[in-house]
Amino acid sequence: MSTQNKREVRLPSIFEAIIPILVMIALMVYVFGFSDGAYDGAHMPLIIALIVTCGIGFLCGHTFQDMLDGIINRINATLEAILILFTVGLLVSSFMMSGTIPAVIYYGLKLLTPQFFLPVGCILVAIVGLACGSSWTATATIGIAFMTIGEGLGMNPAITAGMVISGAYVGDKFSPLSDTTNLAAGVSETGLFDHVTAMVSTTAPVFVISLILYTIIGFASGSTAGYNPAIADGIREAIYTHFNTNPLVLLPILVVIAMCLLRVPGLPGVLVSVFTGVIFALIFQGGHSLADIFSILHYGPTVETGNEFLDKALAKGGMNNQMWTINLIILAVSFGGALERCGIVERLFGNLKRRIHSVPGLILTTMLTSIFCDAAMCDQFLGIGVPAPLYADKYDEMGLARNMLSRTLEDAGTLWAVMFPWTACGAYQFKTLGVNPLFYFPYAFVNLLNPIYAVVTALFKRNIFWADGTYTNVLGKTRQGKVAEAPEEEHAKALKALEELRQAGKAPRIS
């Protein structure tokens with residue numbers, strides 16, 4: 001009886017596979033382009049697309065329970081990030097309460113000028129991101145401060161947000177503490193520091209290019225009438241009047257960095273930082289009862305300084321204010337889990353790699369798959385985790401090192417996840433910085449240019465890591481380096497393929 005009732009599971013057809021994607025895209029275009037602000041969330045489009053995906057899964061033989069299991073599995077994999085998101089809300093509130101973020105704004109407005117605000121800000125945000133291993137923590141602390149400093153200097157908020165995003169993601173990519181950095185190395189089965197070394201080859205040059213572009217924008221902005229000293233002076237005066245700006249209130253930022261350098265796990269590390277912020281609030285700001293502290297941590301601070309720029313900037317944080325983002329993340333990963341379970345990704349990309357016959361083609365295809373997973377499955381972890389097993393053997397067949405795969409996954413999967421307002425990363429940064437990703441997208445130069453740089457250099461047969469440890473640099477010289485970690489059997493296969501390619505003159509020898 002049970003055998004007769006058991007349904008045969010099949011992959012969806014191409015037409016079936018693209019239906020949920022088209023539904024989501026159409027609804028997102030309507031919401032963000034034609035709803036006139038009557039509704040500005042990605043939640044309802046995701047719910048409808050999720051229902052459509054489950055319907056496609058049912059047509060392909062999956063039961064409701066099977067689809068639900070795929071959704072729950074994906075949510076379970078994201079629970080730690082959701083818990084950290086709760087605590088980041090507490091962290092922002094405690095840093096507001098302690099005067100830490102107001103003090104960063106106060107001294108930043110005093111020291112920074114419109115000409116050098118963008119490049120210096122990008123470097124400082126990158127340092128915090130590197131130490132924390134988290135773009136989210138970097139933007140939620142020093143990033144918020146720089147958004148207000150930028151307004152005080154007359155900077156376009158979209159440009160400032162793009163700068164903050166660029167710096168935060170450079171730090172995140174280079175940090176061995178980052179979850180995406182570890183994930184990319186893990187799914188590619190290569191060493192963590194082999195992966196970081198490979199990332200330097202694309203992200204470092206792009207970071208330098210971005211700093212030059214930010215400097216040019218800064219000097220162009222500084223020569224216009226956009227800078228109004230009265231705005232900056234008004235913000236500084238309001239902070240000085242309502243907060244104790246003793247430089248010691250900056251110390252909680254060092255506690256965040258210390259927690260990361262000591263490799264304290266994310267949740268306890270953030271909670272220690274929250275506790276530090278509360279203690280500093282009691283010492284330096286005073287006047288807070290236990291009920292006040294609970295209220296600020298839960299609902300966020302209510303600041304009324306009389307300065308609209310400052311009041312808007314400081315109305316951040318609180319566990320309750322994170323719920324909009326958490327709701328979206330749960331829906332986004334549910335949609336991704338449903339797409340994954342009903343075989344849509346496998347149908348769309350499973351046979352594509354057979355048509356790839358060059359290193360640039362492989363890199364471009366890997367990146368496009370990652371970006372597709374970011375945009376369609378709404379989660380950077382899927383943008384990294386889904387393409388890795390699809391293309392890993394192709395990297396071996398072309399004699400490439402496994403850290404070439406891991407680098408490519410991050411160049412697109414990590415950096416472009418924040419570019420879409422409906423993804424978990426995009427929604428978080430939208431809520432934190434107050435700028436829609438569609439507006440800061442053109443100014444997040446690191447995120448925007450990194451994949452382009454990687455593909456262009458590969459087209460010229462440069463910037464490539466080979467299985468035997470050799471590296472062809474941007475000047476076209478191939479030098480021996482450290483062999484990247486890889487599974488033994490697959491590494492032997494890659495070495496054999498590389499030797500055959502060299503024999504045929506299709507891969508460079510040491511020069």
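**Close-up views of a predicted model**

**View 1. Surroundings of Phe-117 in the predicted model.** Leaving aside residues up to four places away in sequence, Phe-117 touches Leu-112, Phe-146, Ile-149, Gly-150, Leu-153, Met-155, Thr-160 and Met-163. The structure shown is a predicted model, and the contacts of Phe-117 are therefore computed from heavy atoms within 4.5 Å. Phe-117 is also among the residues with the most contacts inside the largest nonpolar core, together with Leu-46, Ile-105, Phe-146 and Leu-400, and this core has 143 residues. Helix α4, which spans residues 64–97, gives the most to this core, with 12 residues.

View 2. Phe-116, Val-120, Ile-123, Leu-124, Ile-127 and Phe-219 make a nonpolar surface patch of about 500 Å². Helix α6, formed by residues 114–132, gives the most to the nonpolar patch, with 5 residues. Phe-116 lies in helix α6, and because its relative accessible area is 42%, Phe-116 is classed as partly exposed.

**View 3. Asp-411 and its polar contact with Lys-173.** Asp-411 is found in helix α21, which covers residues 402–414, and because its relative accessibility is 0%, Asp-411 counts as buried. The side chains of Asp-411 and Lys-173 are joined by a polar contact of 2.8 Å. When residues up to four places away in sequence are not counted, Asp-411 touches Lys-173, Thr-202, Thr-203, Met-367, Trp-416, Asn-450, Pro-451 and Ala-454. Phe-193 is 218 residues away from Asp-411 along the chain, and the C-alpha atoms of these two residues are separated by 16 Å.

**View 4. Leu-405 in helix α21.** Leu-405 has its place in helix α21 and, because its relative accessibility is 0%, counts as buried. Its contacts, not counting residues up to four places away in sequence, are with Ser-188, Thr-366, Ala-388, Ala-392 and Tyr-395. Leu-405 and Leu-364 are 41 residues apart in sequence, while their C-alpha atoms are 11 Å apart in space.

**View 5. Thr-365 in helix α18.** Thr-365 lies in helix α18, which runs over residues 359–377. The relative accessibility of Thr-365 is 13%, and the residue therefore counts as buried, the cut-off for this class being under 20% relative accessible area. Apart from residues up to four places away in sequence, Thr-365 touches Leu-352, Ile-356 and Tyr-391.

Key:
Residues numbered from 1 in each chain as written. Predicted model: local features only at pLDDT ≥ 70, side-chain atom pairs only at ≥ 80, totals over all residues. Heavy atoms only, no water. Helix = DSSP H or I, 4+ residues; strand = E, 2+ residues; numbered from the N terminus. Buried < 20%, exposed > 50% of the residue type's maximum accessible area, 1.4 Å probe, protein only. Polar contact = N/O pair within 3.5 Å; in protein donor to acceptor, adjacent residues only side chain to side chain. Core = buried A, V, L, I, M, F, W, Y, C linked by side-chain atoms within 4.5 Å. Patch = residues over 30% accessible without salt bridge, like charges linked within 9 Å, V, L, I, M, F, W, Y side chains within 5 Å. Areas by Shrake-Rupley, 256 points an atom, 1.4 Å probe, with all protein chains shown as cover. Salt bridge = Lys/Arg side-chain N within 4 Å of Asp/Glu carboxyl O.
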